[in-house]
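Okay, thanks for coming, everyone. Let me put the structure up on the screen and then talk you through a few parts of it.

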2 protein chains.
Amino acid sequence: MSKFAPEKDGAMFSKACEHGIKAIVYIATQSLEGRRVKIGDVVENSGSPEAFTGKILGALTKHNIVNSLTGPYGGFEIAPKRMKEIKVSDIVFAIDGDSVYKGCGLGLSECSNTEPCPVHSKFVKIRNELKKMLETTSIYDLAVGLKSGKTILIR
Amino acid sequence: MSKFAPEKDGAMFSKACEHGIKAIVYIATQSLEGRRVKIGDVVENSGSPEAFTGKILGALTKHNIVNSLTGPYGGFEIAPKRMKEIKVSDIVFAIDGDSVYKGCGLGLSECSNTEPCPVHSKFVKIRNELKKMLETTSIYDLAVGLKSGKTILIR
DNA sequence: TTATTTTAGGACATTTTTATCTTAAATAAG
DNA sequence: CTTATTTAAGATAAAAATGTCCTAAAATAA
């Protein structure tokens with residue numbers, strides 16, 4: 001029935017970001033068991049497109065969120081210590097930028113307490129809760145849930 | 001720095017939805033003073049593109065969120081009584097569909113309590129608060145804020 | 001060194017969203 | 001009835017996001 005943005009599925013993050021989070025969480029589960037994984041393995045277990053995910057992992061590698069090695073026996077890995085430090089917010093920031101923190105609910109270029117858009121005050125409240133959630137959820141947390149079978153990546 | 005979705009500005013709603021909300025709020029302020037407004041007047045005061053906004057208002061007209069009249073002295077208007085009944089959630093629903101209520105944080109086609117994605121539980125909490133906020137904020141509330149000069153539509 | 005494996009990254013293609021253009025339909029006034 | 005004004009809506013265009021393809025670069029091992 002919705003004529004506009006008919007494919008928009010209420011996503012708070014871009015597809016790139018969704019693929020990135022899924023890939024990182026899967027890589028983390030494997031790193032917890034000492035396994036370095038190749039891109040093919042990643043997308044097989046995260047349900048994301050291979051080439052696109054490769055690009056995204058490249059960016060996340062630059063941001064030091066994941067470690068990559070070329071050549072035979074290469075692949076992606078995340079040090080368990082890092083998993084606890086890296087928060088979902090870091091992935092979102094690396095891919096979508098600081099959008100989550102700054103954007104106006106109605107798309108104004110600037111929107112603040114002193115000159116707010118009509119939904120500003122209510123919007124900021126929700127966004128701050130989202131921000132806090134992202135900043136307090138570590139990759140380790142998510143990886144443990146996935147490894148234990150409590151959560152899934154593909155459907 | 002963000003290579004992906006570089007134009008994505010952290011929007012929770014589509015552009016179509018943003019334009020729609022701004023247009024409706026402006027029309028409401030004018031209707032409160034008994035003025036029916038033309039599309040040209042609307043976009044001049046909401047900063048949105050004219051033809052696109054016209055399309056969106058067409059959809060909102062069909063959904064009975066705004067009333068339109070063709071011909072001279074025609075334009076858009078909203079009965080003050082309706083303004084208090086219409087919630088932001090109605091506009092979002094008319095344009096973006098039920099996405100806000102159903103979408104999975106990581107884009108899975110299905111994602112529920114029994115088979116959740118890694119961020120499901122935390123994501124649902126935030127989304128429910130967003131939903132409640134949208135469902136309890138009326139067009140009348142927003143129009144009053146704009147009319148009094150407390151909020152703005154263009155920047 | 002050479003062959004092989006794997007990520008890196010630029011160029012290209014597709015899909016979705018956003019936006020415009022043009023014509024039709026409706027309405028009111030003369 | 002004719003004309004002017006205004007929204008309705010289909011066709012089209014542009015822009016942005018998503019996704020693929022291909023070659024280069026890096027690393028390893030024989």
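Predicted model: local features only at pLDDT ≥ 70, side-chain atom pairs only at ≥ 80, totals over all residues.

Residues are numbered from 1 along each chain as its sequence is written, chains are lettered from A and ligands numbered from 1 in the order in which they are written, and side-chain values use heavy atoms, with hydrogens and water left out.

On chain A, 55 residues are in contact with 55 residues of chain B, where contact means heavy atoms within 4.5 Å. Of the area that chain A buries against chain B, 16% comes from Phe4(A), Met12(A) and Arg155(A), more than from any other three residues.

What about charges? The rule finds four salt bridges across the interface of chain A and chain B, and by that we mean a side-chain nitrogen of Lys or Arg within 4 Å of a carboxyl oxygen of Asp or Glu. One of the salt bridges in the model joins the side chains of Arg155(B) and Glu115(A), at 3.7 Å from N to O. Looking at the side of chain A that touches chain B, the elements giving two or more residues are H1, H3, H5, H6 and H7 of chain A. These are helices, taken as DSSP runs (H or I, at least four residues) and numbered from the N terminus; strands would be E, at least two. H7(A) gives the most, with seven residues.

Now, how many aromatic pairs does the structure hold over all chains? Two. Rings of Phe, Tyr and Trp (its six-membered ring) pair if their centres lie within 6.5 Å, with planes under 30 degrees apart counted as stacked, over 60 as edge-to-face and the rest as tilted. Phe4(A) and Phe52(B) have ring centres 6.0 Å apart and planes at 70°, so that pair is edge-to-face. This pair crosses between chains, from the segment before H1 of chain A to helix H3 (residues 50–62) of chain B. Phe4(A) counts as buried at 9% relative accessibility, while Phe52(B), at 34%, is partly exposed. The cut-offs for relative accessible area are under 20% for buried, over 50% for exposed and partly exposed in between (1.4 Å probe, protein chains only). Phe52(A) and Phe4(B) are also an edge-to-face pair, at 6.0 Å and 70°.

Next, helix H5 of chain A, residues 88–96. Seven of its nine residues are buried, so this helix is largely enclosed by the rest of the structure. What covers those buried residues includes helices H1, H3, H6, H7 and H8 of chain A. Just after H5(A), Gly97(A) takes a positive phi of about 75°.

Last stop: Thr53(B), in helix H3 of chain B. Buried or exposed? Thr53(B) is buried, at 1% relative accessibility. Thr53(B) sits 37 residues from Ala16(B) in sequence, yet their C-alpha atoms are 7.7 Å apart. Not counting residues up to four places away in sequence, Thr53(B) touches residues including His19(B), Ile39(B) and Ser48(B).

Definitions and conventions:
Buried area = accessible area lost by both parts, 1.4 Å probe.
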